[in-house]
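Subject: Structure handover

Hello,

Here is the structure you will be working with. Please open it first, then read the notes below it.

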There are 2 protein chains.
Amino acid sequence: MISESVLEPLVRRWSKFTELREVDRKAILALPYRLKEVGRDQHLVREGQEPQNCCLILSGFAFRHKVTRDGARQIISIHLPGEFIDLQNSLLGVADHNVQTLTRAEVALVPRTELQDMMEKHRGAARAMWIDTLIDSSIFREWVVNVGRRDAQTRVAHLLCELMLRMEAAGLTREHGYELPLTQAQLADATGLTPVHVNRVLKGLREKGLISLEARSLRILDLEGLQDVGDFSELYLHHQVQPPQSRPVTA
Amino acid sequence: MISESVLEPLVRRWSKFTELREVDRKAILALPYRLKEVGRDQHLVREGQEPQNCCLILSGFAFRHKVTRDGARQIISIHLPGEFIDLQNSLLGVADHNVQTLTRAEVALVPRTELQDMMEKHRGAARAMWIDTLIDSSIFREWVVNVGRRDAQTRVAHLLCELMLRMEAAGLTREHGYELPLTQAQLADATGLTPVHVNRVLKGLREKGLISLEARSLRILDLEGLQDVGDFSELYLHHQVQPPQSRPVTA
DNA sequence: TCCAAAACAAAACCTAGGTTAAGGTCTGGC
DNA sequence: GCCAGACCTTAACCTAGGTTTTGTTTTGGA
């Protein structure tokens, strides 16, 4: 008897976006892949490279980032298990950003040629991938706003809220909290702040009774309050995408 | 005799990304649309709406933005004639941001259902659309970096460089310059600064002999210098995407 | 189980960019 | 061809967040 495919999470995730027919499902599960165990802080893709694989996170966390000329790092997104990073890099041919692990991780590397092949043949799967990257894109837009127009406390609170909802959707929360996979320096790189100031902000959030955070273990004591402080509204996560088909509504 | 279709720019743009076969071409040109003339500062899409149309800009400029709780606006992207804004909003069902004109504009509204239909039937066209949104996405990522980790002068210079290259690709430049479609307040909203500070920065760029700018007419006196100040590298624009097919090269 | 390196914390001080305000100059609608 | 409102410019002042530094706590690898 064959155990559950390592690609099962992908099917699960994509099924939320669009109806996958049995053929699509099968095609996805039939994708070849190479399993890889990676240490923390390891590069999965480097800017400028031509990545040959797409990378599904099976366990652990990853992030994408760019570095400015004078060495400042900006984190652009954070990725949870079950997510397929780097569809974009692969499809555009040359990577315009870095992908790196945040923690030790297991990943499945799918050759990009195979993926493209599958996409050509299975429109259902292609549609799901498409929606997946569109949601990514929506999150980038929200990050532009977060980093461009919100003050420090709001930015950090917003990020913590986003992660809460995404962790929840991925089944990675403990009661009212989760294991925060970011150091304060990384939080700073994600919010466009300095580590010192992130530390101040976290102190503030603790003092307001909104969160407790020690040893990376985050507990959100007052989610509504934190969302309020973080000017957070979950629309942009598109967690309940309506299948965007043009079906007439029938009884 | 039928004059050139209004959708021709779309074919032209998408041809750059991927090889369009004659059927794809025809299918795109056969898309139904409604022409619309819009004044400046008019909303094309509002956050929260379910847009029924995708919007191709025929002339004029548009931008996407979000507004924070306390009324600050962050511009997320700027769009030139020939660009198809809002593929994302339409495909995700509910708009997560606003789209608005920057200047008076002519647009062609294509019903999203028709677009989806076409996408289902013509993989070549679907691929082009897909790449189009991937490039959008890449630009968002660069904007996160710009706004998150660069200082004011660098941000503004970077934006001016981006627009230069994109205007050039769209054939909208005059000798070493272009008609800047943004007010200083809008530049501020795009860079996460205040109008006053944008004014200071522009003064600085002028004093360095990098640009001249009056009455919206921008001339870039030293593009290399401006790119240098702006920490600008054009990779992220993916202006020369290699067709990402996995086809073996044949004679 | 120990040790070095990473991460967290916090205080003192500083600066890039924000705020406010006031005047000048376009511009497009009547 | 006039006028109100939008836009640009500049100056004086202020503050959110950056920088530097020093110390403490965790962590994970040998």
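**The core**

The largest nonpolar core has 143 residues. Val144(A), Leu160(A), Val144(B) and Leu160(B) have the most contacts inside it. A nonpolar core is a set of buried Ala, Val, Leu, Ile, Met, Phe, Trp, Tyr and Cys residues joined through C-beta atoms within 7 Å. A residue is buried if 20 or more other C-beta atoms lie within 10 Å of its own, exposed if 12 or fewer, and partly exposed in between, with C-beta atoms placed from the backbone.

Before we go on, some ground rules. This is a predicted model: local features need pLDDT of at least 70, side-chain atom pairs count only at pLDDT 80 or more, and totals for chains, interfaces and linings use all residues. Residues are numbered from 1 along each chain as its sequence is written, while chains are lettered from A and ligands numbered from 1 in the order in which they are written.

**Where the chains meet**

How many residues of chain A are in contact with chain B? The count is 43 residues of chain A, against 42 residues of chain B. Contact here requires C-beta atoms, placed from the backbone, to lie within 7 Å. On the side of chain A that touches chain B, strand E5 (73-79), helix H3 (87-92), helix H4 (112-121) and helix H5 (123-149) each give two or more residues. Helices (H or I, at least four residues) and strands (E, at least two) are DSSP runs, numbered from the N terminus. H5(A) gives the largest share of this side, 16 residues. By class, the side has 16 nonpolar, 16 polar and 11 charged residues. Ala, Val, Leu, Ile, Met, Phe, Trp, Tyr, Cys and Pro count as nonpolar, Asp, Glu, Lys and Arg as charged, and the others, Gly among them, as polar.

Look at Val144(A) again. Leaving aside neighbours within four places in sequence, Val144(A) is in contact with Gln74(B), Ile76(B), Phe140(B), Trp143(B), Val144(B) and Val147(B).

**Around the DNA**

Start with DNA strand D. Of the 15 residues around it, Asp151(A), Ala152(A), His197(A), Thr183(B) and Gln184(B) come nearest. Near means that the C-beta atom, placed from the backbone, lies within 6 Å of the molecule or strand. H8(B) supplies the largest share of this surface, 5 residues. The surface has 8 nonpolar, 5 polar and 2 charged residues.

Now DNA strand C. It is surrounded by 14 residues, and the closest are Thr183(A), Gln184(A), Asp151(B), Ala152(B) and His197(B). Here the largest share, 4 residues, comes from H8(A). The classes are 7 nonpolar, 5 polar and 2 charged.

**Two helix pairs**

In chain A, helix H6 (residues 152-169) packs against H7 at an angle of about 105 degrees, with the axes 10 Å apart. Axes are lines fitted to C-alpha atoms, for helices over the stretch in contact, and angles run from 0 to 180 degrees between N-to-C directions. H6(A) and H7(A) are therefore roughly perpendicular. Angles under 35 degrees count as roughly parallel, over 145 as roughly antiparallel, 65 to 115 as roughly perpendicular and the rest as oblique. Arg155(A), Val156(A) and Leu159(A) of H6(A) meet Leu187(A), Ala190(A) and Thr191(A) of H7(A). This contact has 4 nonpolar, 1 polar and 1 charged residue.

In chain B, look at H6 and H8. Their angle is about 75 degrees and their axes are 9 Å apart. That makes H6(B) roughly perpendicular to H8(B). H6(B) brings Ala152(B), Gln153(B), Val156(B) and Ala157(B) to the contact, and the residues from H8(B) include His197(B) and Val198(B). The contact has 7 nonpolar, 3 polar and no charged residues.

Asp41(A) is not a glycine, yet its phi is positive, about 65 degrees. Asp41(A) sits in the loop between strand E1 (34-38) and strand E2 (43-45) of chain A. Is Asp41(A) buried or exposed? Asp41(A) counts as exposed, with 10 C-beta neighbours inside 10 Å.

Gln100(A) lies in strand E7 (residues 98-101) of chain A. Gln100(A) and Asp41(A) are 59 residues apart in sequence, but 6.0 Å apart in space, C-alpha to C-alpha. Gln100(A) counts as partly exposed because it has 19 C-beta neighbours inside 10 Å.

Best wishes

Methods:
Two residues are in contact if their C-beta atoms, placed from the backbone, lie within 7 Å.
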